[in-house]
Amino acid sequence: MTISFDNVTIKQGAFTLTADLSIKKGQKIALLGPSGSGKSTLLSVLAGFKTPTSGRILWNGTDITDTHPAKRPITLLFQDHNLFPHLTTAQNIGLGIRPNLRLNNTEHEMVEYALSRVGLKGQSKKRPAQLSGGEQQRVAIARALLREKPILALDEPFVALGPALKHEMLDLVAEIVHNTGATLLMITHQPEDALWITDQTVLVAQGAAHAPKDTKSLLKNPPKALRAYLGT
Amino acid sequence: MTQYQKPTTLFEILMGGTVLAFLLLLTVGTVIAVGTATSFQQGLNPSDWAAIRFTILQALTSATLSIMIAIPTARALARQQFRGRQIMISLLGAPFILPAIVAVLGIIAVWGRSGLISDGLKALGTEPLNIYGFTGIILAHIFFNLPLATRLILQGWLAIPSEHFRLAAQLGFSTSEINRRLERPMLLSIIPGAFLLIFLLCITSFAVALALGGGPRATTVELAIYQAIRFDFDLSKAATLAIIQFGICTLIALVALKIARPMDFTISLDQPAKRWDGHERHTRTFDKVLLLLVAFFLFAPLISILLKGLQPLLSLPTQVWPALWKSVSIAIPAAVITTTSATALAALIASLSKHTATAVESVGFLTLAASPFVIGTGLFILLNPYFNPFALALPLTITVNVIMSLPFALRIILPAIIRNQNDYGRLGASLGMTGITFFRLAIWPRIKRALGFATGLSAALSMGDLGVVTLFAPPDFATLPLTMYRLMAAYQMDAAAGTALLLVATSLALFWIFDRGGRSDHFI
């Protein structure tokens, strides 16, 4: 169960990003780097929203470069628009089981269970607008839980939350990936967030995504590109 | 921000492609039909030249005057706070769905021989105004386009960030410096597009020319086409004129497409940016007097119809009721087809790459330049050998109405679909929501509002249209606007006013029902 970026190059006008690295099952990886370095682009390519200019994406050796986003082994949580505002909490979660929302009784129970897992028991009839920002992202996490994809990727879904709430959410995510054995990929600007729940870090800087390194030793002994970003 | 470009589906290509093919057939295809029917040998006689000159002259005058009055009006609305400001801005949108023939009747009631203004002039000992001809056409066109121009320019004013006015106040800018530094650049970017749009609308406005124009000195090209088909049954002459009309419209539309910004039908009703200028006494007085005059100009005709029409509304002539039924049975199918076609076209555009999308979008908007009379003449020439065009009045009117309201519906629906795709396209794709499922769960609930608004607008436009139906209608066939026009032509002004009220009420009711239907869910 390995994800590989095999000689991947992404070009968009003047922007170029190369990635040639592998991530093993169950690893918890932070993607660290300055704004505009291509962290989001890397996850977009992995999730199938962007096609790389050259190179391949492999999942256990199978080429998934042109696979439809829904058929990829990944759930990607965005900063916003993770929920449809016109659907209820339960419907938004139910989409993770059946995209046409025709659920049977067992599946309805699974939705209720997922809601209680993220601490939102009894909130199934609410719409996103009636929930706080943190609660909305919990709903998205509940759906990710039911989708049972081997990779959970976070494109800064907690960036708008305060520090206490953010750590609460990160703990919830850590607990979920621990229980399911999923691989975690998390974009962050904050070294302390990387230290909080990840063990490895992929540095994305100066046009390249580098192979994962141990987070602690990387931050203790940062290479030049990382030093420039951290300002140390 | 990384956006997800969803691949175009076969369904989208089929649906959008069909609409596109129909559009091209009806716009370009009819022009080709007209072109092959034209011999050009007989050339243009002096009265044709007069029609061309008059068409351009009245459109230039109408557009220039509308813009010239709209600039200070929009400025007054942007910088003055007063009670009723919101209502006035909202009502500025009303003439857009007001049937042209109703507006004409209102203008005759105020400016005509026995109207308010003429009474005033007579009391002063001067000749009353002659509303028929150049003056009347200009007045009616300003009545329609002054509000449109004011709204377009007001949007520009409201788009200037409030921080700029704050900075200007801090630096001690005077009113004229604010004008030079902030307002003039905005006006320069908005006015050319607004001018061309109004110019185009004045060239293709048939009902006004029909009711107020005519005769050798006030005939537009479209009116001349109508007369050639209707009175002389001279298809070749009609074809020559139709080619000329097409040439003028296309030329303007191409220029407009290059320089005009896309029209936006929504306008913010929020409080305007706080302003520190425009508080001098003479400025305030000027703004107030101007707004009062504009309000009088726009609302006096409407109020006078209301006053004149209420009594006759209770005893309308019998031919009104079948005409009402006919109009509704044109307006509703036309509106539904318009919205469906616009949605299919918008879905196709949203899924295409930027370059192709712009091209398809341009075709959708170029129909704005398609004269209903060119399309009508073309259909007439195409159908005449096989069918009796007069027997097909109903489907032909529906078809032409669809083409006429399509650009507006597309303008409303396309942004809604693109916004939805940008916001939720990735989510839908990652959850595996495809085709019907994605439409049912993720698109329909989110564009319902835009669809309701577009359908309501198209229904109101079709309901009030007095255009190509005049070309095809046999004597026993009449829509409500046509009945109203016939009453006016017979000088039954009271019955016409009653019919006008019925027409306006029905148009507004149709608009309201569809628009309301689109808003039924509160969770968007």
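Two strands are taken to pair if DSSP finds at least two bridges between them, and helices (H or I, at least four residues) and strands (E, at least two) are DSSP runs numbered from the N terminus. The model is predicted, with local features requiring pLDDT of at least 70 and side-chain atom pairs counting only at pLDDT 80 or more, whereas totals for chains, interfaces and linings use all residues. Residues are numbered from 1 along each chain as its sequence is written, and chains are lettered from A and ligands numbered from 1 in the order in which they are written.

In chain A, strand β6 (residues 74-77) pairs with strand β7 in the parallel sense over 4 bridges, and Ile151(A) of β7(A) is the bridge partner of Ile74(A). Strand β7(A) also pairs with strand β8 (residues 183-188) of chain A, again in the parallel sense and over 4 bridges, with Leu185(A) in β8(A) as the bridge partner of Ala153(A). Together with helix α5 (residues 163-180) of chain A, strands β7(A) and β8(A) form a right-handed β-α-β unit, the hand being right if, with the strands pointing away from the viewer, the path from the first strand over the helix to the second runs clockwise. In a regular strand the side chains alternate between the two faces of the sheet. In β7(A) (residues 151-154), Ile151(A) and Ala153(A) point one way and Leu152(A) and Leu154(A) the other, and all are buried (20 or more other C-beta atoms within 10 Å of the residue's own; exposed, 12 or fewer; partly exposed, in between; C-beta atoms placed from the backbone).

The domain assignment, from an automatic or database source, divides chain A into domain 1 (2-73 + 149-230) and domain 2 (85-148), whose centres, taken over C-alpha atoms, are separated by 26 Å. Contact between these domains (C-beta atoms, placed from the backbone, within 7 Å) involves 12 residues of domain 1 of chain A and 10 residues of domain 2 of chain A. Helix α5(A) contributes the largest share of the domain 1 side, 6 residues, and that side comprises 10 nonpolar, 1 polar and 1 charged residues (Ala, Val, Leu, Ile, Met, Phe, Trp, Tyr, Cys and Pro count as nonpolar, Asp, Glu, Lys and Arg as charged, and the others, Gly among them, as polar).

For chain B, the assignment gives domain 1 (1-37 + 315-524) and domain 2 (57-224 + 263-310), with C-alpha centres 27 Å apart. Their contact takes 27 residues from domain 1 of chain B and 21 residues from domain 2 of chain B; on the domain 1 side, two or more residues each come from α17, α18, α20 (480-489) and α21 (493-518) of chain B. The largest share of this side, 10 residues, belongs to α21(B), and the side divides into 19 nonpolar, 6 polar and 2 charged residues.

Leaving aside residues up to four places away in sequence, Ile413(B) touches Ala342(B), Thr343(B), Ala346(B), Ile447(B), Ala450(B), Leu451(B) and Ala454(B).

Terms used:
Two residues are in contact if their C-beta atoms, placed from the backbone, lie within 7 Å.
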